[in-house]
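Subject: Structure handover

Hello,

Here is the structure for your files. Notes on what was found in it follow below.

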Amino acid sequence: MDDSDRLSALQKALAERLGTQRYELWLGPHTSLAYDDGKLTIGCPSKFECQWLRSRLQSTLLESCQQIWGDGVSVHFKVCRKRRKTKQQSQPDSPQQPLFPELGTDQREQTSPPSRPRRQPRRRPGLKSSFANFVVGPSNELAHRLAQSVAEQPGHYGPLLLFGPPGVGKTHLCYAMLQQLRQSEARLHAIRITAEQFTGEFLAALDRRALPSFRQKYRSVDVLLIDDIQFLIGKRATIDELLHTIDTLHDRGRQVVLTCDRSPGDLQKTSVELVSRVSGGLSIPMEVPEFQTRHGIVRQLATRLKVSLDEPVIELIAAQVAGSARQLAGAINRLVATSMAHKSAITVDMARATLAEFVQQNTPSVRLADIQKAVCEVFGVEASSLKSQRKTRSITEPRMLAMWLARKYTRAALGEIGEYFGRRSHSTVVSAQKKIEKLVSENAEISVADRPCQVDEAIRQVESVLRSA
């Protein structure tokens with residue numbers, strides 16, 4: 001049997017081991033498999049997906065390969081930028097739309113139940129958000145593909161949690177799933193609601209003694225999408241009600257989709273039971289868009305707002321405003337207002353001056369003390385230990401991460417950072433930065449509060465504390 005036959009056997013074995021649905025989702029046409037001289041290489045569309053698959057499938061792939069090639073085989077991952085086109089992407093006449101719905105939209109959407117005749121839905125602002133007008137990039141590619149899979153075959157993946165900072169597209173994907181479910185031939189019954197609305201309706205049902213009708217409404221759906229579950233912090237009774245709702249829908253083979261502005265690790269503070277339910281499904285992070293994605297967002301926003309922007313101005317906005325789509329929209333609005341006030345065109349020079357002021361006003365100032373406090377809170381260490389000469393792993397890892405974050409979020413010089421974190425040399429700061437970058441690229445684990453944790457998850461936890469400070 002030659003290598004091509006063995007690769008086919010490997011694909012078949014993985015499909016049987018993972019299940020057809022999960023195999024297609026994780027190792028379908030968007031990835032490539034190649035074997036050469038004892039090395040199996042998995043080609044992925046993005047660096048993030050390489051890390052994601054490595055953390056979840058490394059052992060499974062290695063065991064399956066060893067059954068076919070023997071003990072000498074190794075598994076490697078590499079970025080292969082070529083991606084398959086979705087139906088929406090392959091249609092040249094698809095209209096270009098903004099990435100996110102307008103703020104202040106109606107926050108709940110519900111499809112018609114199967115027993116009612118199909119009616120043309122009213123156009124609401126939230127339904128402008130579809131898969132076709134979602135700008136896909138490395139920061140959200142996996143979440144986008146999973147959301148599409150859930151919309152096409154709801155109920156196959158358990159609860160789906162999309163988490164990340166505000167403005168990265170979580171609500172957009174919820175509306176996109178809702179829209180596709182509404183347009184499907186199956187005529188599925190789906191509801192999209194915020195956690196705040198769910199809480200309000202639950203308390204109102206308690207007050208009116210109408211819990212049976214409340215439970216019938218949310219436990220009889222095919223798909224339930226709930227935004228911003230971090231709102232449930234401290235609301236024990238509502239959390240318990242939601243847990244029973246999730247369990248009921250899961251037992252019926254129905255789909256639950258949740259969004260949150262913090263990671264599952266941070267949700268432990270809200271409810272261990274809720275994190276347990278989420279861990280039975282899929283938890284997918286969504287990051288702040290990188291330059292490539294921001295560039296596409298700016299172009300779409302300009303089209304929607306009917307603002308004429310030259311390519312150099314679009315590139316300048318994408319480069320200078322390293323934030324969410326909402327911040328990019330704010331930057332464009334600032335440019336338009338400045339242009340109108342001065343009765344002048346939006347040139348590169350004008351945009352550079354205006355954006356410098358905009359970024360300064362809209363970027364929170366992060367100090368070395370803020371980073372130290374956030375790292376100490378997440379890792380459970382004292383500030384004095386972070387600045388000490390101790391070289392145990394429980395101290396050196398958070399210290400290196402603090403230095404890395406200081407380089408990312410502050411303009412402090414190398415010497416200033418080294419002095420702050422225990423009178424260390426600037427070369428120590430450079431070394432710490434390189435070590436953290438290496439750990440991130442390898443998707444390695446570090447110890448957080450005496451528990452193993454992937455380094456990118458630890459970074460997200462510290463950044464979450466920084467945002468909430």
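His295 sits in helix H12, residues 291–305 (helices are DSSP runs of H or I, at least four residues, numbered from the N terminus). The model is predicted, so local features need pLDDT of at least 70 and side-chain atom pairs count only at pLDDT 80 or more, while totals for chains, interfaces and linings use all residues. Residues are numbered from 1 along each chain as its sequence is written, and side-chain values use heavy atoms, with hydrogens and water left out.

With a relative accessible area of 16%, His295 is buried (buried is under 20% relative accessible area, exposed over 50%, partly exposed in between; 1.4 Å probe, protein chains only). Beyond its neighbours within four places in sequence, His295 is in contact with Glu311, Ile314, Glu315 and Ala318 (contact: heavy atoms within 4.5 Å). The C-alpha atoms of His295 and Ala318 are 5.1 Å apart, although 23 residues separate the two along the chain.

Now to helix H15. Its buried residues are Met350, Ala351, Thr354, Leu355 and Phe358. They cover an arc of only 115 degrees around the axis, so they lie on the same side of H15 (the arc is that of the directions from the helix axis to the C-beta atoms). Helix H13 (311–320) and helix H14 (325–342) are among what covers these residues. Exposed Asp349, Ala353 and Gln360 are on the face of H15 turned away from the buried side.

Regards

Terms used:
Helices (H or I, at least four residues) and strands (E, at least two) are DSSP runs, numbered from the N terminus.
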